[in-house]
Amino acid sequence: MKPKKNPNAEIGRNSSLYFMIGLTSVLFLTWQSLEVRFYEEESKVSEVVEIMDDLKEDVPVTEMLRTTPPPPPPSAPDVIEIVEDVEEVEETVIESTESSQETYIEDAIVSVEDVEVEEVEEDIAVPFAVIEYVPVFPGCEVYETQAERKACFNKKVQEHIKQNFSYPPAALEMQISGRVYVQFVIDSKGHVSNIEKRGPDRLLEEEAVRIIASLPNVKPGEQRGKAVSVKYSIPINFIVE
């Protein structure tokens, strides 16, 4: 008679289940070990200041300069000789040059004709807006009224600027732009003088002065029938397109 095996006593029955459980446990522990992070402790640095109570300084040794005392004054002679005056000295009398009450002063008559009086002409620049007779630009002689001549003068100056305008290459390369205010004087002979400028850059100012200096001679302005200097101002725009 063969002995029967107990089904509960079979060992290899759940071996695959145990293998899966063990494998899962090992993977879990491996994953947990990889997820653990370690942080370094911050090192604390303490600063120590050392203070010395006893300060010893080396005092330099000074040397006293001993100067020799000055020599004693010469002693007086024992015997004093008395010399008699032989020559007589004449005293010089200095006469006073001041006048007294008794001095008679002759009346000096000065005629006005003997004094030459020179008239000094003051060169005062009259603003263009209030000048009595405006400067006449070449080509504006055909107009009779002062308002028309003023408008013609302004137009001619603007045309001259446009015709002689040349953008400085250096300013164009550096993209420098802006407005230059120019003020100049048309003197009593019709010449341009005293050019003053104010702008954003030196290159633009130099170009504006060059344009204004090339203005032609004009008929000078008049005030009370006399040729006078006239002050004129105009802005010049430098635009980079």
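Biologist: To begin with, what pLDDT does the protein chain average? After that, please take me to the second largest pocket and tell me which residues line it.

Modeller: Happy to! This is a predicted model, and the protein chain averages a pLDDT of 76, with 62% of the residues scoring at least 70. One stretch calls for care: over residues 43-55 the pLDDT stays under 50, and the model has 0 contacts there beyond four places in sequence. Where pLDDT is low, the predicted coordinates should not be read in detail.

Let us get our bearings before we visit the pocket. The protein chain has 4 helices and 5 strands, and from the N terminus on, the elements run α-β-α-α-β-β-α-β-β. Of its 241 residues, 17% count as buried. Among the contacts with a separation of 6 or more, 68% join residues 24 or more positions apart.

Now for the part you asked about. The second largest pocket has a volume of about 200 Å³. Its lining is made up of Gln-158, Ile-161, Lys-162, Phe-165, Ile-234, Pro-235, Ile-236 and Asn-237. These residues divide into 5 nonpolar, 2 polar and 1 charged. Helix α2 and strand β5 (226-238) each supply at least two residues of this lining, and β5 gives the most, with 4 residues.

His-160 counts as buried because its relative accessibility is 10%, and the cut-off for buried is under 20%. Leaving aside neighbours within four places in sequence, His-160 is in contact with Ile-211, Ser-214, Leu-215 and Pro-216.

Two of those partners, Leu-215 and Pro-216, turn up again in the lining of the largest cavity, along with Phe-137, Phe-153, Ile-186, Gly-190, Val-192 and Val-218. About 30 Å³ of space lies in this cavity. Its lining divides into 7 nonpolar, 1 polar and no charged residues.

On the strand side, Val-228 lies in β5. Val-228 is also buried, because its relative accessible area is 15%. Beyond its neighbours within four places in sequence, Val-228 is in contact with Val-126, Ile-131, Ile-186, Asp-187, Ser-188, Gly-221, Glu-222 and Gln-223. Take Ser-188 as one of these: Val-228 and Ser-188 are 40 residues apart in sequence, and their C-alpha atoms are 4.6 Å apart in space. Ile-186, another partner of Val-228, is also among the residues that line the largest cavity.

One last stop is the loop between β4 (221-223) and β5, where Arg-224 is found. Arg-224 has a positive phi of about 60 degrees although it is not a glycine. Arg-224 counts as exposed because its relative accessibility is 76%, and the cut-off for exposed is over 50%. Asn-194 has its place in strand β3 (residues 192-198) and, at 56% relative accessibility, counts as exposed.

Key: Residues are numbered from 1 along each chain as its sequence is written. This is a predicted model: local features need pLDDT of at least 70, side-chain atom pairs count only at pLDDT 80 or more; totals for chains, interfaces and linings use all residues. Side-chain values use heavy atoms; hydrogens and water are left out. Buried means under 20% relative accessible area, exposed over 50%, partly exposed in between (1.4 Å probe, protein chains only). Contact means heavy atoms within 4.5 Å. On a 1 Å grid over the protein atoms alone, a cavity is a set of points where a 1.4 Å probe fits but cannot get out, and a pocket is an open set with protein on both sides within 12 Å along at least five of seven lines; lining residues have an atom within 4 Å of a point. Grid points are joined across faces, edges and corners, and a volume is the space filled by probe spheres set on the points. Ala, Val, Leu, Ile, Met, Phe, Trp, Tyr, Cys and Pro count as nonpolar, Asp, Glu, Lys and Arg as charged, and the others, Gly among them, as polar. pLDDT is the predictor's confidence in each residue, from 0 to 100.
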